[in-house]
Amino acid sequence: MSEKIARFFAERQPATPCLVVDLDIVDENFTSLTAALPDAKIYYAVKANPAPEILSLLAARGSSFDTASVPEIEMVLAAGVTPDRISYGNTIKKQRDVARAFELGVRLFAFDSIGELDKIAQSAPGSRVFCRILTSGEGAEWPLSRKFGCDPHMARALLIAAAGKGLVPYGVSFHVGSQQKDPTQWDTALRTVAEMFHDLEALGITLSMVNLGGGFATRYRTDVPEAEAYGNAILDSLRRHFGNRIPETIVEPGRSMVGNAGVIESEVVLISTKSANDNRRWVYLDIGKFGGLAETMDEAIQYPIVTNRDGDGETDSVILAGPTCDSADVLYEKSDYRLPVDLAIGDRIRIHAAGAYTTTYASVNFNGFTPLAQYYI
Ligand SMILES: *Cc1c(COP(=O)(O)O)cnc(C)c1O
């Protein structure tokens, strides 16, 4: 935890649960990714954390933005970003939202089907479009496969169709899965994309851009590769598959830009067992799946959890759960989480690396609990 965040908790003693984000760390994350991929344009995936403070900081750093809805586009515009730095990257958009985005000046759109391409051709004429292809999501802790993208053959046909519909077939995108800890996973997709560039060139369509998506990992309970390792692996694949004709590249980091910048403070509401001889404690926190920790679904994302009593004392294995009346609101039951045996009701605990995919995943008022409070310092 950064000194700045530690000081904030100590001095302010904010009501829990709350997220505190250190903006200096976001700034450092931007710097390291830029250094790792100097030729790639960064489109921050707004959904990871759309706080105005984060959008303004990244806007000032020269970032572009990947958005998924009209409200996200409006938030980015409100941060002073011009629409030429915005991509409407969701492949599932209402026709009227495409029209609204076009009205707001957005000219870069994603698609992965003929239905979506038709909407863009009709409501955003002349725009640049890129087609998303399927990836396996192998190696990712939060895979995105199947729902998004189409197979490369369909993508090729759709890019040809795009030209026929008066759009600019601009490029190809993919996403190797979020929290992708294997930097070589970009390679298979890049080989496919290079083949598509080549095949389309022969048909008179010159694509310009490869969108490498997000997937860069944040450190949770185990080490992850540095930005540099991702950069090296990707540059190596680009050189291998495109030779001396490397196209324009885009990256869309979400998690890696903000994840490690945020810490959630929470309070222990109850510690209990289910019978006299049950020796595994249930620890109920004032935050759960519906309060912002949705990525604990299937125990996929495993946040580091720290208490004030950590140290040399004894620990034992616990089940961690949230405070709501839904039985799905259990955070970790199968994973090995150990907490101090002297942990007590009323203790504050900290959930690290919680800057991404938390505030916007909090339910509005389930059980009357208010959405996650947030501070940007
Ligand atoms: C969610 C998303 C991202 C961000 O992914 P991370 O794994 O958080 O970096 C990037 N691009 C698209 C299209 C997305 O949907």
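**Domains and the packed interior**

In this predicted model, the C-alpha centres of domain 1 and domain 2 are 33 Å apart. Domain 1 covers residues 24–257 and domain 2 covers residues 260–376. To the contact between them, domain 1 contributes 20 residues and domain 2 contributes 21 residues.

The largest nonpolar core is made up of 97 residues, and Tyr44, Ile54, Phe174 and Leu320 have the most contacts inside it. Helix α8 (residues 185–202) supplies the largest share of this core, eight residues. Because domain 1 (24–257) and domain 2 (260–376) both give residues to the core, it lies between them. As general background, nonpolar side chains tend to be buried together in soluble globular proteins.

Once neighbours within four places in sequence are set aside, the residues in contact with Phe174 include Trp186, Ala189, Leu190 and Val193. Phe174 is also in contact with Arg132, Ile133 and Thr135, and with Val210, Asn211, Leu212 and Gly213. Another core, of seven residues, lies apart from the largest one; Tyr43, Phe130, Tyr170 and Ile250 are among its members.

Leu207 sits in the loop between α8 and β10 (209–211). Its relative accessibility is 7%, and buried means under 20%, so Leu207 counts as buried. Leaving out residues up to four places away in sequence, Leu207 touches Leu159, Pro169, Tyr170, Gly171 and Val172, together with Phe197 and Leu200. Of these, Tyr170 is also one of the residues in the seven-residue core. Leu207 and Leu343 are 136 residues apart along the chain, and their C-alpha atoms are separated by 58 Å.

Two cavities of 30 Å³ or more are counted. The second largest cavity holds about 30 Å³ of space. Its lining consists of Leu37, Asp39, Ala40, Leu235, Leu238 and Thr249. By class, that lining has four nonpolar residues, one polar residue and one charged residue.

Methods. Residues numbered from 1 in each chain as written. Predicted model: local features only at pLDDT ≥ 70, side-chain atom pairs only at ≥ 80, totals over all residues. Heavy atoms only, no water. Core = buried A, V, L, I, M, F, W, Y, C linked by side-chain atoms within 4.5 Å. Buried < 20%, exposed > 50% of the residue type's maximum accessible area, 1.4 Å probe, protein only. Helix = DSSP H or I, 4+ residues; strand = E, 2+ residues; numbered from the N terminus. Domains from an automatic or database assignment. Contact = heavy atoms within 4.5 Å. 1 Å grid on protein atoms, 1.4 Å probe; cavity = no way out; pocket = protein on both sides within 12 Å on 5 of 7 lines; lining within 4 Å. Points joined across faces, edges and corners; volume = space filled by probe spheres on them. Nonpolar A, V, L, I, M, F, W, Y, C, P; charged D, E, K, R; others polar.
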